[in-house]
Amino acid sequence: MSIRISPPKVFPIATGAGRPAADAGGSLDSHRQTSFVLEGDLAAVLDGLNLEGGVAAASTGAKSRTQAMVAALGLWSRSWLCRLEALHAVQWGNYAAATPLVRSAADFQASMLYLLRTGAAEWQEWLEGGGIAIAPEHHATQFALHAFRAGEILAAHEVLGPLYRVATDLSLSHFGSTLLVAGNESGPDHVAMTFGDRDFHMGLAEIHLGWLTDLGIAQADALREFDAVFEIGDGHSLQGWRERAGALATTSRCRIEPVEVDGVRRYLVHNWRREPRSAPKRLLL
């Protein structure tokens, strides 16, 4: 059975978060400081999202409208929106919410890559097996869930894999992960927990903006790899953005490095600091 593909509706414009209300905890200061101190990083993430939106809009014509394209478009859209909302969360100082959004974005991008590299065969099989159907006994339209993961991509991809693993660990309810976002002023002799903290934190902002930049670079590479599926033009805009975004990654930025300690995988956080003028230090998770 051939299933018709309707023209996709595309909403391609990404904008930064608006100014929060004056009584929104530390969000107002976070918005101001992130926009000032990390202006280049914010602009790079938004520029990348808008470039992707332009490619998505250009790929909706009849010539590009294939099952592989629309299946990939759905996963790509989910990643794009997660990244946009993670950016907004960072601007408002809500780093705890940004981390699982980054994790989900990496997962969706890996699934999109797997789907495209396998010619969308599993999607086609799902459609032919009644993935979209009428369920008369429930008087409902059926969208069969069909578990679809991209473990092979996450295991091998040099950007998506490591990023997914650390974002997953920091998204879970591990004690160290909780202290990182809710009690990072703690020390060996005291616990300094917070509730609803949305104050600006240079280290957490740099980590998340670095992740969002890396995800944008990975997506730009995926679009160029599958230029026969998507309308990317001559690819110069994507490549130019990729080079500019890549130049933002410096050794002075706060970042997380996987390390092995006594045979256990752990994470070393470099250049950790709350304020731009503070002396950087290291944390071991």
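A: Arg 242 and Asp 221 pair through their side chains in a salt bridge, at 2.6 Å from N to O; the term covers a side-chain nitrogen of Lys or Arg within 4 Å of a carboxyl oxygen of Asp or Glu. This is a predicted model, where local features need pLDDT of at least 70, side-chain atom pairs count only at pLDDT 80 or more, and totals for chains, interfaces and linings use all residues. Residues are numbered from 1 along each chain as its sequence is written, and side-chain values use heavy atoms, with hydrogens and water left out.

Arg 242 sits in helix 10 (residues 236-246) and Asp 221 in helix 9, so the pair links distant parts of the chain, 21 residues apart. Helices here are DSSP runs (H or I, at least four residues), numbered from the N terminus. Arg 242 has 28% relative accessibility and therefore counts as partly exposed; Asp 221, at 29%, is also partly exposed. Buried means under 20% relative accessible area, exposed over 50%, and partly exposed in between (1.4 Å probe, protein chains only).

Glu 225 is partly exposed at 40%, and so is Arg 117 at 45%.

For context, the structure holds 10 salt bridges.

Notes:
Helix = DSSP H or I, 4+ residues; strand = E, 2+ residues; numbered from the N terminus.
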